[in-house]
Amino acid sequence: MPTHTPSTSPPSHAPSGFADTAPRAGHNGTDSWFGGPWLDERSGAASPVRPSDATTPYFFRVYRAFLTARATLAVMLILLLGALWTMGTRSPPWVWGMALGYATLACAVWWLPSQRQRASDQQLSLRPRQALASVGVDLVFFAALHYLTGNSFNTQALLVLPVLMAAVLMPRIMALGTAAAATINLLAAAWVQALDAGTMTTLMTQAGLTGVGFFVIAVLANELAIRLAREERSARGSMELARQQAELNRLVIEEMSEGVMVVDRQGRVRTANPAARRLLSARSQTPAAPFQLRGVPAWAPLVHAIEHGLNRPLKAEGGQEVRLRFDDHSLRDLRLRVRFTRGHPDQPDHAREEMCVMLLEDLRTVRARQRQDKLAAMGRMSAGIAHEIRNPLAAIAQANALMAEDATQPDAHPAQARLTQMVSDNVARLKHIVDDILAVAPGLRPPAPVIDPVEAVMAICNEWRSAQGLQAGEDSLLDIDLGGVPRAPTSPKVRFEPEHLQRVLVNLLDNALRYQSGQPGALLVTLRWLPGGTAGGVLMLSVANDGEAMSADTERSLFEPFFSTSSRGTGLGLYICRELCERHGASIDYRQHPPSVRHRNEFFLTMPVEQTGAAAYAP
């Protein structure tokens with residue numbers, strides 16, 4: 001999954017600490033910018049965190065800090081004037097008025113509810129009204145105080161506050177403008193004072209040096225603000241990526257079929273996914289973590305595996321089999337693999353914590369997967385053998401046909417015709433086995449056509465009935481019920497290869513004929529449409545007979561390859577039926593009905609309906 005690490009170097013044209021995230025030309029600063037991912041100006045890659053999400057908290061905190069500093073400075077100024085009053089230094093009334101007015105305005109701006117709440121996502125620098133109420137007021141007040149007090153108060157240092165505030169919270173050009181305004185005020189005040197004192201050179205030099213200091217402070221503070229804003233954005237971007245990665249890991253672990261648990265040395269489960277909690281319980285699911293493994297008799301083998309793994313970690317990682325015995329006397333065999341996380345070697349022993357990651361899997365699932373792998377390998381080998389058998393089998397069939405012609409001659413031995421017939425029957429049987437094996441061999445095949453299931457099922461059943469020599473009508477062994485599906489042209493369609501559908505249906509009919517009772521209507525073929533969902537529903541094709549109920553052992557092995565209850569059967573019939581159905585997105589299964597139902601044994605196929613076919617019959 002591609003990720004983006006936020007850039008750590010600002011654009012060269014960034015005008016302020018927040019300008020590297022400010023709207024550029026062509027953007028309105030609102031929806032057109034914040035509606036999508038932020039693009040890094042150097043790499044052009046998308047950042048997972050919007051600029052406002054990264055800079056707004058930093059801007060608000062700094063802005064509130066400056067408002068608090070202004071209010072504190074105003075209060076300290078009042079206290080200073082009061083202290084001077086008590087010591088006998090009488091300040092003019094207009095000084096008191098200016099100080100009280102500035103203190104009232106600074107405390108009012110600091111106390112306003114609109115300034116105490118978090119700024120909006122679109123705010124990246126001081127608004128004009130905020131700049132006038134803070135930086136503008138400070139410049140006017142401190143400049144006027146410097147003009148009026150002269151050398152009696154050293155108020156030059158107070159001008160640092162508006163310069164610093166503009167450098168941190170406003171674009172760089174505005175910060176330099178604020179420093180220039182403060183410098184001009186100092187130079188003008190020095191010129192006015194020099195007219196009276198006659199020390200023009202000294203006062204102008206002091207004012208100029210102080211102004212240079214203002215510009216240095218503005219540039220350095222602005223550069224520092226840029227770096228702080230960028231670092232916070234980078235940190236927030238990294239935190240967001242870490243959060244997304246953690247969420248992704250959690251989702252992946254939650255959906256795993258394999259159980260995953262994290263256990264400490266004390267046997268306390270810190271976290272466990274649903275699969276692990278299901279494996280630790282006999283019937284339902286174990287409660288969510290954290291919980292203790294120790295003290296539960298059924299989980300004692302797991303605790304023993306942890307202790308054993310701590311002593312021999314390499315052997316534990318190779319996997320082992322454990323058996324859980326529950327209170328209801330049920331058993332569960334698990335395959336267990338153990339991994340250990342080690343603390344950093346530089347950490348002290350008391351801070352280094354070792355965690356155990358346990359990977360649990362039901363042993364039945366492991367063995368089933370192994371069987372599937374063996375069957376897949378056997379299928380590939382069988383397909384190769386079948387291809388090799390085809391050629392000599394064709395030669396045998398051709399030679400037998402020539403010998404069968406000789407057997408029809410008058411001077412031929414009577415037993416020759418019987419032997420050639422035996423060869424022909426067994427060649428046909430071998431050819432049928434080869435065809436069965438090649439039918440399920442893997443390989444690319446073209447998509448199946450869309451067919452009308454009603455016409456296809458009716459044609460297959462009629463052809464099979466004729467081939468078996470069964471009569472039609474009310475006394476027929478085979479009943480066909482297709483009333484559950486509307487007839488053409490409104491009938492729903494399915495995507496199935498006609499030859500494959502014929503093979504599946506004929507196989508089910510052959511099996512049903514073998515075990516039926518012989519009474520009229522002993523075999524029943526039904527086709528029903530089950531509408532529902534957005535895909536047009538499914539079609540259910542059912543083949544049932546009224547024979548004896550199937551045993552539980554036989555039912556469990558129905559669709560396994562090479563399993564047959566007939567001495568002359570290959571055991572591949574139902575297995576091939578299932579493979580052909582899965583190839584077309586269908587499924588086949590068996591269900592047994594209670595004795596009150598005549599046709600107790602039922603095999604049924606469920607085939608998804610094509611939307612084009614279902615739309616014509618949509619209610």
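A search of the whole predicted model finds 6 aromatic pairs, where rings of Phe, Tyr and Trp (its six-membered ring) pair if their centres lie within 6.5 Å. One of them joins Y102 and F142, whose ring centres are 5.6 Å apart. Their planes stand at 55°, so the pair is tilted; planes under 30 degrees apart count as stacked, over 60 as edge-to-face and the rest as tilted. This pair links distant parts of the chain, for Y102 lies in helix α3 (residues 93-111) and F142 in helix α5 (residues 128-149), 40 residues apart. Helices (H or I, at least four residues) and strands (E, at least two) are DSSP runs, numbered from the N terminus.

The numbering of residues starts from 1 along each chain as its sequence is written. As the model is predicted, local features need pLDDT of at least 70 and side-chain atom pairs count only at pLDDT 80 or more, while totals for chains, interfaces and linings use all residues; side-chain values use heavy atoms, with hydrogens and water left out.

Attention now turns to the sheets.

Another open sheet has 5 strands in the order β10-β12-β13-β15-β14, and its pairing is mixed. Its edge strands, β10 (478-484) and β14 (587-592), each pair on one side only. From one strand to the next, the twist averages 20°. β10 and β12 run parallel and are joined by 5 bridges, with D479 opposite L524 in β12. β12 and β13 pair in the antiparallel sense over 8 bridges, and here V525 stands opposite V543 in β13. Strand β15 (residues 601-608) runs antiparallel to β14, and 6 bridges join the two; Q592 has N601 of β15 as its bridge partner. Helix α14 (residues 453-468) packs on this sheet, touching β10, β12 (523-530) and β13 (538-545), and its direction makes about 175° with that of β10. Helix α17 (residues 573-583) also packs on the sheet, where it touches β14 and β15.

Helix α14 has a helical neighbour too: its axis and that of helix α15 (residues 498-514) come within 10 Å and cross at roughly 45°. The two helices are therefore oblique to each other, since angles under 35 degrees count as roughly parallel, over 145 as roughly antiparallel, 65 to 115 as roughly perpendicular and the rest as oblique. Their crossing is right-handed, meaning that the near helix is turned clockwise from the far one by less than a right angle. Among the residues in contact are W464 of α14 and L505 of α15.

Notes
Pairing = 2+ DSSP bridges. Axes fitted to C-alpha atoms, helices over the stretch in contact; angles between N-to-C directions. Contact = heavy atoms within 4.5 Å.
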